[in-house]
Amino acid sequence: QVQLVESGGGLVQAGGSLRLSCAASGSIFSINFMAWYRQAPGKQRELVAGIASGGSTNYADSVKGRFTISRDNAKNTAYLQMNSLKPEDTAVYYCNSFLRSGLLETLRSYWGKGTLVTVSS
């Protein structure tokens, strides 16, 4: 069984920084892609940033230049460094990963339970 556990959320003032972590554990053979999504109250879940196994990244326009996604393949962990935070970044941040739990297993998507980020003005 695979688990994704996020950590690092909290309350921060506008202009501040936070670093989120997402650790994948359990039966993991390989991780193709890891990403961060967020969902603000009353809004749909949206992609914030993603990183492939080779290191290529993509970002939502709203966070480009402020957020940086990275990963430690040896630790099966992804990070999201968030700088210059704005009140509109307030949301529950979810980790998502496409991975294989075995050599012959298909690629599957897994989600964490989320971590709340609140940015005060």
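These questions and answers go through the core, the surface and the charged contacts of a predicted model.

Visitor: Which residues touch the most other members of the largest nonpolar core?
Guide: The largest nonpolar core has 29 residues. Strands S1 (2-7), S3 (18-26), S4 (30-39), S5 (46-52), S7 (67-72), S8 (77-82), S9 (91-100) and S11 (115-120) each supply at least two residues of this core. The members that touch the most others are Trp36, Val48, Phe67, Leu80, Met82 and Tyr93.

Visitor: Is leucine 103 buried or exposed?
Guide: Leucine 103 sits in the loop between S9 and strand S10 (108-111). With Phe29 and Leu104, Leu103 forms a nonpolar patch on the surface, with about 400 Å² of accessible area together. The cut-off for an exposed residue is over 50% relative accessible area. Leucine 103 has 62% relative accessibility, so this residue counts as exposed.

Visitor: Which residues are linked in a network of salt bridges?
Guide: Glutamate 46 forms a salt bridge with arginine 38, the closest N and O atoms being 2.7 Å apart. Aspartate 89 also forms a salt bridge with arginine 38, here with 2.9 Å between the closest N and O atoms. The side chains of arginine 66 and aspartate 89 meet in a salt bridge of 2.7 Å, N to O. The network therefore consists of Arg38, Glu46, Arg66 and Asp89.

Visitor: How many residues apart are aspartate 89 and arginine 38?
Guide: The two side chains form a salt bridge. Aspartate 89 is in the loop between S8 and S9, while arginine 38 is in strand S4. The pair links distant parts of the chain, and the separation is 51 residues.

Visitor: Which parts of the chain does the pair of arginine 66 and aspartate 89 tie together?
Guide: Arginine 66 and aspartate 89 meet in a salt bridge. The parts that this pair ties together are 23 residues apart in sequence. They are the loop between strand S6 (57-59) and S7, and the loop between S8 and S9.

Visitor: Which ring does arginine 45 lie over?
Guide: Arginine 19 lies over the face of tyrosine 79, at 4.1 Å from the ring centre. Arginine 45 is 3.7 Å from the centre of its ring, and that ring belongs to tyrosine 94.

Terms used:
Residues numbered from 1 in each chain as written. Predicted model: local features only at pLDDT ≥ 70, side-chain atom pairs only at ≥ 80, totals over all residues. Heavy atoms only, no water. Core = buried A, V, L, I, M, F, W, Y, C linked by side-chain atoms within 4.5 Å. Buried < 20%, exposed > 50% of the residue type's maximum accessible area, 1.4 Å probe, protein only. Helix = DSSP H or I, 4+ residues; strand = E, 2+ residues; numbered from the N terminus. Patch = residues over 30% accessible without salt bridge, like charges linked within 9 Å, V, L, I, M, F, W, Y side chains within 5 Å. Areas by Shrake-Rupley, 256 points an atom, 1.4 Å probe, with all protein chains shown as cover. Salt bridge = Lys/Arg side-chain N within 4 Å of Asp/Glu carboxyl O. Lys NZ or Arg CZ within 6 Å of the ring centre and 35° of its normal.
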